[in-house]
Amino acid sequence: MRRDRIAAIVGIAESDIGVTPDKTVLQLQAQAAVRALTDAGLHTRDVQALFCAGAWTTWTNLMLAEYLGIQPIYTDSTNIGGSSFEAHVGHAVAGIQAGLFEVALIVYGSTQRSQRLRGKVPGEVSLTEQYEAPFGLPVPVGAYAMAAMRHMYEYGTRPEQLAEVAVAARQWAMQNPRAFARDPLSVEDVLASRMICEPLHLYDCCLVTDGGGAIVVTSERVARQCRHKPIWVLGHAETHTHHTLLSMPDVTSTGAAVTGPRAMAMAGIRHDDVDVAEIYDSFTITVIVTLEALGFCQQGEGGAFVSGGRIAPGGSFPMNTNGGGLSYCHPGMYGIFLLIEAALQLRGDAGMRQVPNAQIALVHGTGVQLSSSATVVLGRD
Amino acid sequence: MTMQAKPVPVLDTDSRPFWEGCRQGVLRIQRCKTCARYVFYPRSICPHCMSDDLVFVEAKGLGTVYTYTVVHRGFGPFQDEVPFTIALVDLDEGVRMMTRIVDAGEGIGIGDRVEVVFSERDDGLVLPYFRPILKAKR
């Protein structure tokens, strides 16, 4: 019972990633955008809708569109953190379904590593941020650490189980020549790495890299004319549950509990139908709470679920097949790369790390402090 | 290297009574007069019932640790203070706050009972920290 083919991902591309000190954030995005459009067999002049999210300026879409030479008839700068791009896909499908446009370009880029933008603390905090920032919690890592601590308390989750997520990601990265971190990593290595915020060690945390990515989403009509076989958007859903951590009702359960079932129902799939999953891994705990909320295992059983090689290459649940934010790249908001890798897998073009005969992919983005969730279900003919 | 300033709250008409309370040694939260629920942080409408009839009340200053982390790598102006403990504390009134745990010589755990203690930061800002008063049974 598949949803009608309304829209598809027809172009995918990364910019240069890793450390790109000679590139501006606009250059990275232009590079990714042109590569993605070329991949689709399209041109900047074909772009009708522009989607972008970033912290590099206030008016992201105005500056980026102008730089690219695009005057879109539909524009969306929804920024809900790392999951923004999964939300953008949903919005693009809705716009296409409404007949407002046929070609959408979704773009992200960041030079956070080269510009040393991480770990900044504001001198003044206004509005609702003033009830958390003065205490000195490093964000976002500290928020995820508190989620992990509560998860360990409620469910007996162990640091070794958190580490399994990082180890599996590294094993996938070792099969991806473009991955940033490819040295072997063991559970012992993770546990021996520097403590950042208890219980999270250094290797429980995602990379800090530069990089950009872009995808092109079109109507079925246009998709049929593009260079690659369409990767259909079968289902999508989004939500956000809080901004301040103190307002998160249960730090061990995210909005994925809402978006997962909605997106899967729209797509008409069950958990067993998912051949490959791309799950936002800002931190190891992010994966565990997300898999639980999505219903791939029971609440509290995520630690056991990710253990024993299940999510590693050769395991029964192929996940984060490019190495993820933990080992592939993580330029601040990683969600665009989840979509790129899922589409690559469904095209069958993932090389050494290809999941055999992958037909259905589930992509889930998580943003800010477990605040926002967006799920996309993709499939091929 | 000059020390970077720590984040200072920008007082507004929602937050002023809370921060002024801290300076006076009073922990202020809000109570909705329409639905009778407590609210934190302070705001102009009740997030439970949309009422705008909210009043500040003095919290008892007692709570339970919901979760916490010990920070070993602090950012910016906090980097020299590590290790320190940040927690989410559930006040007895039913609202949750972020805070720092202090005077926890034997460590802190989820479920421990804590009480508010007002502490002046090195830049003069008075913050509501909490200290343990009773260990949870474990």
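Me: How many residues of chain A are in contact with residues of chain B, and how many of chain B are involved?
Reply: Keep in mind that this is a predicted model. Contact here means heavy atoms within 4.5 Å. On that basis, chain A brings 39 residues and chain B brings 42.

Me: What area is buried between chain A and chain B, and which three residues of chain A supply more than any other three?
Reply: The size of an interface is often given as the accessible area lost when the parts come together. For chain A and chain B that comes to about 3,500 Å², with 66% of it from carbon and sulfur atoms. On the chain A side, 23% of the buried area is down to three residues: A:Tyr131, A:Phe135 and A:Leu246.

Me: Which element of chain A gives the most to the side that touches chain B?
Reply: At least two residues each come from β5 (124-125), α4 (141-155) and β6 (195-197) of chain A. By class, that side of chain A has 24 nonpolar, nine polar and six charged residues. The top contributor, with seven residues, is α4(A).

Me: How many salt bridges and how many polar contact pairs are there between chain A and chain B?
Reply: The salt-bridge rule wants a Lys or Arg side-chain nitrogen within 4 Å of an Asp or Glu carboxyl oxygen. Across this interface it finds zero salt bridges. Polar contacts do turn up between the two chains, and with both residues at pLDDT 80 or more the count is 21 residue pairs.

Me: Which residues lie nearest the centre of the second largest pocket?
Reply: That pocket has about 460 Å³ of space. Its lining splits into nine nonpolar, eight polar and five charged residues. Of the 22 lining residues, the ones nearest the centre are A:Leu246, A:Ser247, B:Phe40, B:Arg43 and B:His48.

Me: Which residue does a cis peptide bond join to B:Phe40?
Reply: Most residues other than glycine have a negative phi, and most peptide bonds are trans. Here omega is about 0°.

Me: What is the phi of A:Asn357?
Reply: A:Asn357 is in the loop between α12 (335-347) and β11 (360-367) of chain A. This residue is not a glycine, yet its phi is positive, at about 55°.

Note on methods:
Residues are numbered from 1 along each chain as its sequence is written. Chains are lettered from A and ligands numbered from 1 in the order in which they are written. This is a predicted model: local features need pLDDT of at least 70, side-chain atom pairs count only at pLDDT 80 or more; totals for chains, interfaces and linings use all residues. Side-chain values use heavy atoms; hydrogens and water are left out. On a 1 Å grid over the protein atoms alone, a cavity is a set of points where a 1.4 Å probe fits but cannot get out, and a pocket is an open set with protein on both sides within 12 Å along at least five of seven lines; lining residues have an atom within 4 Å of a point. Grid points are joined across faces, edges and corners, and a volume is the space filled by probe spheres set on the points. Ala, Val, Leu, Ile, Met, Phe, Trp, Tyr, Cys and Pro count as nonpolar, Asp, Glu, Lys and Arg as charged, and the others, Gly among them, as polar. Buried area is the accessible area (1.4 Å probe) that two parts lose on being put together, summed over both. A polar contact is a pair of N or O atoms within 3.5 Å; within protein, one must be able to donate a hydrogen and the other to accept it, and residues adjacent in sequence count only if both atoms are side-chain atoms. Helices (H or I, at least four residues) and strands (E, at least two) are DSSP runs, numbered from the N terminus.
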